[in-house]
Amino acid sequence: MTFLTDLQNRLPDLPQQERKIALFILQDPQFIQSANINQLASTIKVSNATITRFARRVNCSSFTDLKVKLAAAAASSQVNTITNQDNSKTTAHQVYDFYNRVLSETQNKLDIKQLKKIIQLIKSAKRVYFYGIGSSGYTSLEATQRLLRMGIPAFAETESNNMFMTSSIISKDDLIIAISSTGSTDSLVRAIELAKKNKATVVALTSYDNSPLAQLADIVVGVQDTNYINDARFINSQFSIMYVIDVITTLLLKNNKYHDRMTRTITSVLNEKYDAYNK
């Protein structure tokens with residue numbers, strides 16, 4: 001786990017003033033590396049003492065040690081950070097670099113052995129349910145379509161009442177893949193609590209390993225939270241989660257049975273469109 005990833009995981013539990021420091025670091029780590037403690041305090045509008053307390057809370061002996069760890073994290077990831085002061089790049093380049101950083105940070109978190117376990121759970125499940133609310137609901141719908149095209153019984157639950165109904169009748173043979181960037185969506189968490197009482201297996205796709213959702217899940221797949229990379233927030237929060245779903249479904253397609261089913265379903269849809277066009 002990189003220093004920035006650990007910092008993101010700590011974010012929900014930090015005091016308000018220290019959270020401001022963490023957010024600033026996640027959005028612009030390069031600034032911290034070149035600034036002194038007075039400059040940082042003035043920019044964020046916190047006291048020097050708050051910065052010192054923050055450094056110790058994130059296991060740094062001093063502000064200088066914090067800068068050293070940030071420099072090491074930047075060197076290991078080899079990612080170009082986009083800042084608000086960068087006017088030399090076109091917007092297209094900024095978005096491209098942003099995507100690269102999100103993918104890089106998410107890929108650093110992925111464990112291929114863990115993903116293969118999820119593949120086995122999907123294969124052996126009687127039914128696969130994707131839970132997600134809001135933008136996570138759209139991701140759930142897309143993921144469900146991927147599995148259906150491979151002939152895997154899959155269902156998307158994107159509304160809280162439906163989640164509770166499903167969780168009340170779910171069984172130990174079913175798999176839930178719960179999607180929540182924060183891992184703290186109250187209705188989703190309560191639905192998962194109910195599903196766990198009925199012995200369902202739960203996989204969580206979330207940005208926070210210590211979130212309420214993650215605490216309930218049997219397997220947690222961590223992704224980069226795009227909201228804290230750049231203050232412009234022009235990338236959908238689901239981007240990193242969709243990357244993980246792309247990896248999972250690509251791994252599934254390595255199975256000849258699923259690959260053949262996918263080919264048949266796509267061909268069937270294309271034929272239907274062609275027939276309708278020629279009527």
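**Helix 11.** I started with what covers the buried residues of helix 11, and the list includes strand 1 (127-131), helix 10 (160-169), strand 3, strand 4 (201-206) and helix 12 (212-216). This is a predicted model, so I keep that in mind for every entry. Which residues of helix 11 are buried? I get Ser187, Leu188, Val189, Ala191, Ile192 and Ala195. In an α-helix, residues three or four places apart point the same way, since there are 3.6 residues a turn. Then I checked the length of helix 11: its 12 residues, 186-197, reach 17 Å from first C-alpha to last, close to the 16 Å expected at 1.5 Å a residue. Just after helix 11 I noted lysine 199, which takes a positive phi of about 75°.

**Whole protein.** I stepped back for the totals. I count 14 helices and 5 strands in the protein. Of its 279 residues, 46% are buried. For contacts between residues at least 6 apart in sequence, I find that 70% join residues at least 24 apart. The accessible surface comes to about 14100 Å², and carbon and sulfur atoms hold 50% of that.

**Aspartate 174.** Is aspartate 174 buried or exposed? It counts as buried, because its relative accessibility is 2%, and the cut-off for buried is under 20%. What does the side chain of aspartate 174 make a polar contact with? I find the side chain of arginine 127, at 3.1 Å. A polar atom of the aspartate 174 side chain also lies 3.0 Å from the backbone nitrogen of serine 171. Leaving out residues up to four places away in sequence, aspartate 174 touches Lys126, Arg127, Tyr129, Ala200 and Thr201.

Rolling a probe the size of a water molecule over the atoms shows where empty space is left. My search of the whole structure turned up 3 cavities of 30 Å³ or more. The largest cavity has a volume of about 50 Å³. I listed its lining as Ile122, Phe130, Ala143, Leu147, Ile177, Leu205, Ile245, Ile248 and Thr249. Which elements give two or more residues to that lining? They are helix 9 (135-149) and helix 13 (239-252). Helix 13 supplies the largest share of the lining, 3 residues.

**Helix 2.** Helix 2 (residues 16-27) has 12 residues, so at 1.5 Å a residue it should span 16 Å, and the 17 Å between its end C-alpha atoms agrees. Its buried residues are Glu18, Ile21, Ala22, Phe24, Ile25, Leu26 and Gln27.

**Positive phi in two loops.** Lysine 45 has a positive phi of about 65° although it is not a glycine. I place lysine 45 in the loop between helix 4 (37-44) and helix 5 (48-57). Its relative accessibility is 67%, so lysine 45 counts as exposed. Asparagine 59 also has a positive phi of about 65° without being a glycine. I found asparagine 59 in the loop between helix 5 and helix 6 (63-77). With a relative accessible area of 51%, asparagine 59 is exposed, as the cut-off for exposed is over 50%.

**Asparagine 210.** This one is in the loop between strand 4 and helix 12. Asparagine 210 counts as partly exposed because its relative accessibility is 33%. How far apart are asparagine 210 and arginine 10 in sequence and in space? I get 200 residues in sequence, and 8.3 Å from C-alpha to C-alpha. Setting aside neighbours within four places in sequence, asparagine 210 is in contact with Asn9, Asp13 and Gln215. With aspartate 13 there is a side-chain to side-chain polar contact of 3.0 Å.

**Glutamine 33.** My last entry is in helix 3 (residues 29-34), where I find glutamine 33. At a relative accessible area of 29%, glutamine 33 is partly exposed. Glutamine 33 and threonine 64 are 31 residues apart in sequence, and I get 9.1 Å between their C-alpha atoms.

Methods
Residues are numbered from 1 along each chain as its sequence is written. This is a predicted model: local features need pLDDT of at least 70, side-chain atom pairs count only at pLDDT 80 or more; totals for chains, interfaces and linings use all residues. Side-chain values use heavy atoms; hydrogens and water are left out. Helices (H or I, at least four residues) and strands (E, at least two) are DSSP runs, numbered from the N terminus. Buried means under 20% relative accessible area, exposed over 50%, partly exposed in between (1.4 Å probe, protein chains only). Contact means heavy atoms within 4.5 Å. Accessible areas come from the Shrake-Rupley method with a 1.4 Å probe; for residues, only the protein chains shown count as cover. The expected span of a helix is 1.5 Å times one less than its number of residues. A polar contact is a pair of N or O atoms within 3.5 Å; within protein, one must be able to donate a hydrogen and the other to accept it, and residues adjacent in sequence count only if both atoms are side-chain atoms. On a 1 Å grid over the protein atoms alone, a cavity is a set of points where a 1.4 Å probe fits but cannot get out, and a pocket is an open set with protein on both sides within 12 Å along at least five of seven lines; lining residues have an atom within 4 Å of a point. Grid points are joined across faces, edges and corners, and a volume is the space filled by probe spheres set on the points.
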